[in-house]
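Subject: Structure handover

Hello,

Here is the structure for you to look over. My notes on what turned up follow below it.

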Amino acid sequence: MTLTPEQERLVRSTWETVAKIQDDAARLFYGRLFEIDPSTRALFASVDMAKQGEKFMRTITTTVAKLECPDILLPGLEALGRRHAGYGTKEGHYESVGAALFCGRWGKFWARSSRTMPKKRGPRPTRR
Ligand code: HEM
């Protein structure tokens, strides 16, 4: 997926805003995810959610920082997708994660960037 310089700028400025409140943002995000799709809650039953929030935010921060280098990003993201198959993640869960990311306070920022995004999706976990 290739982004235009304008799309890259929008993603970066949007994420900068979210990253400033990343602990709260992560808490809000998982809270919304569990509301939108209660089936996701069980996957995190024995997970330290504060640590999980940090990992999730760190991954997105790294991805946003290297947006212009998909060759560097893709192997790591593909490996992350494969690990998720082992966590019990199903394809439909990604829709729920998208919905949780795009609603509420950060939704309005993300919406601006995503409106101009190509429709092609990123790597998916291997289906079992
Ligand atoms: C934007 C998409 C996503 C990102 C960036 C992301 C990021 C991460 C990261 C960084 C980890 C830490 C473990 C690792 O590196 O393998 C993780 C673990 C996990 N994620 Fe995701 N994830 C995403 C989507 C999802 C979805 C859709 C689900 C399903 C509801 C999910 C469920 C889990 C679970 C169950 C764990 C394991 C926690 C544990 O057992 O410690 N993730 N995720």
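Which residues in H1 meet which residues in H3? Val11, Arg12, Trp15 and Ala19 in H1 meet Ile60, Thr61 and Val64 in H3. Contact here means C-beta atoms, placed from the backbone, within 7 Å. By class, this contact of H1 with H3 has five nonpolar, one polar and one charged residues. (Ala, Val, Leu, Ile, Met, Phe, Trp, Tyr, Cys and Pro count as nonpolar; Asp, Glu, Lys and Arg as charged; the others, Gly among them, as polar.)

Some ground rules. This is a predicted model, in which local features need pLDDT of at least 70 and side-chain atom pairs count only at pLDDT 80 or more, while totals for chains, interfaces and linings use all residues. Residues are numbered from 1 along each chain as its sequence is written.

Overall fold. The protein has six helices and zero strands. Both are DSSP runs numbered from the N terminus: helices are H or I, at least four residues; strands are E, at least two. Of the 128 residues, 9% count as buried. (Buried: 20 or more other C-beta atoms within 10 Å of the residue's own; exposed: 12 or fewer; partly exposed: in between; C-beta atoms are placed from the backbone.)

Back to H1 and H3. Their axes lie 10 Å apart and pack at about 150 degrees. (Axes are lines fitted to C-alpha atoms, for helices over the stretch in contact; angles run from 0 to 180 degrees between N-to-C directions.) H1 and H3 are therefore roughly antiparallel. (Under 35 degrees is roughly parallel, over 145 roughly antiparallel, 65 to 115 roughly perpendicular, the rest oblique.)

H2 and H5. The axes of H2 and H5 (residues 91–101) come within 9 Å and cross at roughly 130 degrees. H2 and H5 are therefore oblique to each other. Phe29, Arg32, Leu33 and Ile36 in H2 meet Ser96, Val97, Ala99, Ala100 and Leu101 in H5. That contact has seven nonpolar, one polar and one charged residues.

Core. The largest nonpolar core has nine residues: Leu10, Val11, Trp15, Val18, Ala25, Ala26, Phe29, Tyr30 and Ala100. (A nonpolar core is a set of buried Ala, Val, Leu, Ile, Met, Phe, Trp, Tyr and Cys residues joined through C-beta atoms within 7 Å.)

Glu68 sits between H3 (49–65) and H4 (70–86). Glu68 counts as exposed because it has 12 C-beta neighbours inside 10 Å. Glu68 and Glu8 are 60 residues apart in sequence, yet 7.8 Å apart in space, C-alpha to C-alpha.

Best regards

Technical notes: Contact = placed C-beta atoms within 7 Å.
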